[in-house]
Amino acid sequence: MNTNTNNKLDCKTFQKELPDLVLTANARPSLAAAAHLRDCPPCAEEYLSFQATFATLDRWTAPEPSAFFDQKLAVLIREEQAAPRMSWFERLQTRLLLNTNRNLRPAMVSALALVLVASGGGIAGINYANVPVQPSATVNDLQILDRNEQAFQQLDELQQDEATPQTTAQPAAGVDSGSAPSLVPAT
Ligand SMILES: [Zn+2]
């Protein structure tokens, strides 16, 4: 607050304003921000480099996909839907491809690069086909059902796992109750 009344910003406050300045189209720095830009070379340099980056991005236009992109994609999706179930390796690949966890990205990229080198790019075709681009509602429902079924199976397995220690624990409880009578007279 004091810095505002002095019409001066410290670096921390300026850094907070920086995203708005850079991301808003045709944004002009406030008087205080402009003053800070004059007085603080590091902040000025950062601001200018951001500006240059975003100016470059604004100029960049994504290339148009080829005229047959949609048709080819539709064919690939239909082939993929008709294809037999994915192997565990393909499922792993898909999982890695669709994983949005950024920490995994570098590992994923190098792993896929290795796979591509090892396969001579043969798997690349499968990669593109595996990326689901807005599957139909039916496919979605089927996938949800499939996942539910898997979840139930896992629950069953968990319950079975839990059930087995309990049956072995019951004799132990019997031992406890056996020792309990010896305690009862003691009290
Ligand atoms: Zn500064």
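Student: Is Cys40 buried or exposed?
Tutor: Cys40 is buried in this predicted model. Its relative accessible area is 11%, and the limit for a buried residue is under 20%, so Cys40 falls in that class.

Student: Which residues are the protein donors of the zinc ion?
Tutor: The donors are Cys11 through SG, His36 through NE2, and Cys40 and Cys43 through their SG atoms. They lie 2.1 to 2.3 Å from the zinc ion.

Student: How are the donor residues spaced in sequence?
Tutor: The spacing of the zinc donors is C-x24-H-x3-C-x2-C.

Student: What is the arrangement of the 4 donor atoms?
Tutor: The arrangement is tetrahedral, because the 4 donor atoms subtend angles of 101 to 114 degrees around the zinc ion. For reference, the ideal angle for four tetrahedral donors is 109.5 degrees.

Student: How many disulfides are there in the whole structure?
Tutor: A search of the whole structure gives 0 disulfides.

Student: Back to the histidine. Where is His36?
Tutor: His36 belongs to helix H3. With a relative accessible area of 7%, His36 is buried.

Student: What does His36 touch, not counting residues up to four places away in sequence?
Tutor: On that basis, His36 touches Leu9, Asp10, Cys11, Phe14 and Cys43. Two of these contacts, Cys11 and Cys43, are with residues that also donate to the zinc ion.

Student: How do helices H2 and H3 pack?
Tutor: Helix H2 covers residues 11–23 and helix H3 covers residues 31–39. They pack at an angle of about 115 degrees, and their axes are 11 Å apart. The crossing of H2 and H3 is left-handed.

Student: Which residues meet there?
Tutor: From H2, Cys11, Phe14 and Glu17 meet Ala33, His36 and Leu37 of H3. Cys11 and His36, which take part in this packing, are also among the zinc donors.

Student: Changing topic: where is Glu46?
Tutor: Glu46 is in helix H4, which spans residues 41–59. Its relative accessible area is 29%, so Glu46 is partly exposed.

Student: Which residues does Glu46 touch, leaving out those up to four places away in sequence?
Tutor: Glu46 touches Gln15 and Leu18. Glu46 and Gln15 are 31 residues apart along the chain, and their C-alpha atoms are separated by 9.5 Å.

Student: And Ser49, buried or partly exposed?
Tutor: Ser49 is partly exposed, with a relative accessible area of 41%. Ser49 is also placed in helix H4.

Student: Now the overall fold: how many helices and strands does the protein have?
Tutor: The protein has 9 helices and 0 strands. From the N terminus on, the order of elements is α-α-α-α-α-α-α-α-α.

Student: What share of the residues is buried?
Tutor: Buried residues account for 14% of the 187 residues in the protein.

Student: And what share of contacts joins residues at least 24 apart?
Tutor: Of the contacts between residues at least 6 apart in sequence, 57% join residues at least 24 apart.

Definitions and conventions
Residues are numbered from 1 along each chain as its sequence is written. This is a predicted model: local features need pLDDT of at least 70, side-chain atom pairs count only at pLDDT 80 or more; totals for chains, interfaces and linings use all residues. Side-chain values use heavy atoms; hydrogens and water are left out. A disulfide is a pair of cysteine sulfur atoms within 2.5 Å. Buried means under 20% relative accessible area, exposed over 50%, partly exposed in between (1.4 Å probe, protein chains only). Donors are N, O and S atoms within 2.8 Å of the metal (3.2 Å for Na, K and Ca); water is not among the atoms, so sites may look incomplete. Four donors count as tetrahedral if all angles lie between 85 and 135 degrees; four count as square planar and six as octahedral if opposite donors are over 155 degrees apart and all others between 65 and 115; anything else is irregular. Axes are lines fitted to C-alpha atoms, for helices over the stretch in contact, and angles run from 0 to 180 degrees between N-to-C directions. Helices (H or I, at least four residues) and strands (E, at least two) are DSSP runs, numbered from the N terminus. A crossing is left-handed if the near helix is turned anticlockwise from the far one by less than a right angle, and right-handed if clockwise. Contact means heavy atoms within 4.5 Å.
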